[in-house]
Structures are given as C-alpha cells and as structure tokens.
Amino acid sequence: MTKVEAIIQTSKLDAVKEALHEIGIEGMTVLEVRGHGRQKGHTEFYRGREYTVDLIPKIKIEMVLADDMVEKSVQAIVNAARTGKIGDGKIFLTRVDDAIRIRNDERGESAL
Amino acid sequence: MTERRLIPRFAGLFFLVAFLLVVLLVVTPLTLAAQSPSQQEAQPDAQQGGQAAQSQRIAALEQRAADAKSSADNAWMLTSAALVLMMTGPGLALFYGGLVRKKNVLGTMMQSFAMMAVITVLWAIVGYSLAFGAGNSVIGGIHNALLRGVGLQPDADYAATIPLETFMVYQLMFAIITPALITGAFAERMKFRAMLLFLILWSLFVYDPMAHMVWGKGGLLNASLGGRFPTLDFAGGTVVHVTSGVSALVCALYLGKRLGYPKMAMPPHSVVLSFIGACLLWVGWFGFNAGSALAAGGLATSAFVATHFGAAAAAIGWSGAEWLRNGKPSVLGAVSGAVAGLVAITPAAGFVSPMSALAIGLIAGAFCFWMVAKVKARFGYDDSLDAFGVHGAGGTIGALLTGIFASSAINPIFKDPSGNTGPSGLLEGNAHQLLNQCVGVAIAWVLAIVGTLVLLLIVDKVVGLRVSEDEEMQGLDLSQHGEEGYYWETPA
C-alpha cells in the first residue's frame, strides 16, 4: 500500500477529483494548506506598509492506494493538474505499513 | 516594560468597590438637595372676543410655532445623538476591530464598548458638569453634578430650542467616542483595567477641560460665547480629534512598539469589518457634524453637505495619493481617506461652503496618507491603528484650514458690538482668525501631551499599563477577556 500526497493549485481541485473518480479511486482526504516551492508570493499594502505574502494557498490531496493503482493515479493527477507553470505542485509517495477500517476491523488492502 | 504594581491581582474587585463607594458618597448629600424644576405647562387656549383676546390668541399661536420648531430641533438632536453613539458602537469598534490581528478583535472592540458604558456613568456623575457647567475659563464646576439642573428646560447659552437634557445626552456621545479613538494607538498591548483607569482619568482631566474651553460657558476658546481666543471648532476638531490623536501619539511612544513590530507582518485580519465600520462612521458623522448645529435648520444643512463633501473628496485624495505611490488604490486606503476627511471637516463643517469642503477634504486625504505612509515609517512609532495619523494630523490640519476657509455667508459667527457681521476666515479677509485657530490647536496639543503623560505615569505606577509578553503573544481576547472572537475550528 502506498500513500499518495499531492500538493496542487487550488483551482485544480475539481479537475483532479474528477480524474481520480474516473479511474475508480474511492477514498481521499483533502486539506487546505499554505506553502511554497520556487513560486514567489506577492506583496500587499495596508495603510502604506508593504507586506510580503510568501506562503501561497494550495490544496493537498492524500490517498492510500493499493500498489497497482498508484501509477494510474499519479498520471491522472499530473494530467489534470498540470499547467506548465511554476506553482503546479508536487506528488510524494510513501510506503504504508497497514490500513484498518474502523467500522468492521478489516485490515490491509481490503480496508482501502 | 517592568511592572510596578501597587494594586494586587484583585484589581477588578478593588475598582468596582472603589467606584461604588465614590458613587454612594457623592449621591447621598447631593440627592438631599432640592430637585430642579420640571418643564413649564403649555399656555391655555385663548378665549373668544375682544382686543385682549386677540393678542392672547397671537401669543398662543407664537407659542405653538415655537413649540413646533422645538419639536423639529429636538427630533433632529435626539437622532443625531443616536447617530454619534452608533459611530462608537459599532462604527469605531468594527473599524478598529478589523484592523487588528484575529487574536485581538474582541479586546479591541471591548475598548470602545467599555467607553459607551463607563463614560456614560462618569458623565452623569460629574463629567457633564465639569465640561458644560458654569465655572471659569478652563473648567466648569460641580453645580450640575448628578445632572442637577439639567432638565427639560432649554439653556439659551447652549441651545435655546431644545431641552438641556437633550444637549447633555448629545454631548455625552462625543465624550464617549473621544477616548475610544485613543485606543487605536495602544491596540493589542494594553491591559484592560489599565485602559479603563487611564481613559476615565483622561476624560476628566483632558476631555472635560478642552470641551469646556471650546464649548462651555466662559470657555477661553469659545467663539460663540465670547472667549478670549475664539477658536472656530464647529463639531470638535480640536476637542475630539486633536486631543485624542495627540494623546494617541504620546501613548504609542510611552507604551512602545508591539512585539515583533515592524519586522513581523501584522496585516488587518478583516478589512471587511473595517470597511463596514468606516461606512457606519461616515453616516454617523452626519449626527456628529450636522447635529452640532444644535437645531434642524439651514446651518444643519450646511454642515451636513460640507461633511459629506469633505469625506468624498478626502477618499479621492488618499486613494489618488496611494494609487500614485503604490500602483493600486486599496480599499482600506479609500475608507481611511474618507475618515480622514471627516476628521478634517469636523471643525469646519458649519463654517464653510460646499466647495471649500471639497478642497479641505482633498487636502486632508492626501496629507493624512502622507502622515501614515511616510512620516510614521520614518519616525518608527507604533501608532497601531493610525489614531495620530488620521485624527491628530487630520484634526490639526482641519482646524487650520477652518481659519482659512470659514465664511460669514455660511455662518455669521463674528459680530461687532453694533451687531454687524464681520469676516470669519482668511479668504474672507480675517487673517487674525488663523492665529486664533493656532492658539486653540496649540492648547489642545499641550493639554493632550502633558495630561496624557502625567496620567500614563500614574496608571503605570498603580496598575501597570502593558500586558506581559506571554499575554501579548496569546492575544487580548484570551488573556484579558477569556474569549475567542471566531470559534470556527472545532467540529459540530
């Protein structure tokens, strides 16, 4: 089992969700986050004082998937979220030790 | 800043008990004195027939006409009083509340609200008497303490067609908002009980004397009642804005900067709230300025129009300056500009023409922008919500521009001994008035600086002014009031 963490532009959430649903992904967690990679922020003015806002709002999608779904989901995310400009985001993959369904104690891939 | 407290942590209880004791000690002897007479009865209807009956009917009609005017004036004045109170709550509360960080929103709003409650009681007990009672040229007396003698009968020195009680409650709203304005300077770092004590003392020792000098019987600066240095201040440019604005600067310098200022970004947590507050201030200001005509006639109209025009022009002035300097006109800048214009037109409202009001507004808008954007940064003081930059500076320039633009055609305030109207301001040919304006402004500055410094020293020694570093990091809402403004994170 692999955890897929995708940080994407906020405007791409709907497209990415739909793309994931189309390939049969059934579970995901969506978080509103702030951060930056190489993308610069912007400046705002309040009462004549300049503020640099360098933490940019992003969306993070987290999913734990069976290994045979991972590459398909990565492709789906990339195709839906890519604009070609700096700020598109990143995807991270990590190994997951176990998954448990709270409702009925199921473990492993059948819990996903 | 080290704390040198003499009062232990039961300070809240201590103040409540002290306050009640003072009220009790003052109430007991004074209520044993005779009460003031109540309103006169209306004239009986005239009888039929005869020359005498004719003149009786005319007298009765004249009384009815006078009553009608009184009704109109009183209706407008009570409305104005309500409008001015709205300026404090929620106008100023929202305006300031939106400008601070989320963790301080309630603490900031509470400072304005506390004034609504506390200054009211203070005014009733002794404030009104000190400001508007008969006394000397600097301060009133205690004759009207507990509002003795303040009933439904008019006082012709102040307003001949409305009950004195209306005048009293109208002036109360000014006494409320003035200290509330100062809270902008020490936002996000003043102890609640210190603020209470400081502003109560400030109201007594700075506001009441200034109000008395400009508007009270025998006041040194009173232009309508023959003061020695008649200062044209229609609705309180010096009394309200210069005193509070300059006091704000002193407070900001004495208390020192907020932790992290200026390196840490502290943008307003809600420009939306500030916007709403500013618009409420604009509308409320019609009560503040046009109500200062103390009647519902043509002078109220003049003041109303001048007020509105001043606000509009200043919004454009500030926005224009900001657009040029920063490349984009901000919403906060635009509404701040409007407020600056309202401040500047306050002393001028009932003395200048609509076109002059546009000029005053435009100048004030650009000037206050410069004060806030450039001067504050250059000197580095943390006047958190620009109480000095907008009110102190705006009030000062407004008072001076009043000396230039005042016109006897709008308000024939200066009359020679034979009753002929003389020129009011510089453009009309009265250059001397500008000097008087300077005197009035200077007195306001000096009173504010000296009074505020002394009171800050006292309150610092007795209670300690600034919250601890931990409390400041935690935020006033939690540390001073045990509350959170927005409880959105917890699930249902």
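This is a predicted model: local features need pLDDT of at least 70, side-chain atom pairs count only at pLDDT 80 or more; totals for chains, interfaces and linings use all residues.
Let's start inside. The largest nonpolar core has 153 residues, and the members that touch the most other members are B:M87, B:I177, B:L281, B:A314, B:A338, B:A348 and B:C368. Helix α5 of chain B, residues 192–215, gives the most to this core, contributing 15 residues. There's also another core, lying apart from that one, with 14 residues, including A:V4, A:A6, A:L20 and A:M69.

Leaving out residues up to four places away in sequence, B:M87 touches B:L92, B:I177, B:L280, B:L281, B:G284, B:W285 and B:F288. Two of these, B:I177 and B:L281, turned up in the list of core members that touch the most others.

Back to α5(B) for a moment. The rest of the structure largely encloses this helix, because 19 of its 24 residues are buried. The helix also has a kink of about 40°, centred on B:S203.

Next, have a look at a helix pair. In chain B, the axes of α10 (residues 354–379) and α11 (residues 387–405) come within 9 Å of each other and cross at roughly 145°. That crossing is right-handed. On the α10(B) side, the contact uses B:S356, B:I360, B:I363, B:A364, B:F367, B:C368, B:M371, B:V372 and B:K376, while α11(B) brings B:G389, B:V390, B:A393, B:G394, B:I397, B:G398, B:L401 and B:F405. Sorted by class, the contact has 12 nonpolar, four polar and one charged residues.

Now for B:F275, which sits in helix α7 of chain B, residues 271–289. B:F275 has 17 other C-beta atoms within 10 Å, so it counts as partly exposed; buried would take 20 or more. Setting aside residues up to four places away in sequence, B:F275 touches B:V331 and B:V335. If you'd like a sense of distance, the C-alpha atoms of B:F275 and B:P163 are separated by 36 Å, with the two residues 112 apart along the chain.

Finally, how do the chains meet?

Key: Residues are numbered from 1 along each chain as its sequence is written. Chains are lettered from A and ligands numbered from 1 in the order in which they are written. A nonpolar core is a set of buried Ala, Val, Leu, Ile, Met, Phe, Trp, Tyr and Cys residues joined through C-beta atoms within 7 Å. A residue is buried if 20 or more other C-beta atoms lie within 10 Å of its own, exposed if 12 or fewer, and partly exposed in between; C-beta atoms are placed from the backbone. Helices (H or I, at least four residues) and strands (E, at least two) are DSSP runs, numbered from the N terminus. Two residues are in contact if their C-beta atoms, placed from the backbone, lie within 7 Å. The bend at a residue is the angle between axes fitted to the seven residues ending there and the seven starting there. Axes are lines fitted to C-alpha atoms, for helices over the stretch in contact, and angles run from 0 to 180 degrees between N-to-C directions. A crossing is left-handed if the near helix is turned anticlockwise from the far one by less than a right angle, and right-handed if clockwise. Ala, Val, Leu, Ile, Met, Phe, Trp, Tyr, Cys and Pro count as nonpolar, Asp, Glu, Lys and Arg as charged, and the others, Gly among them, as polar.
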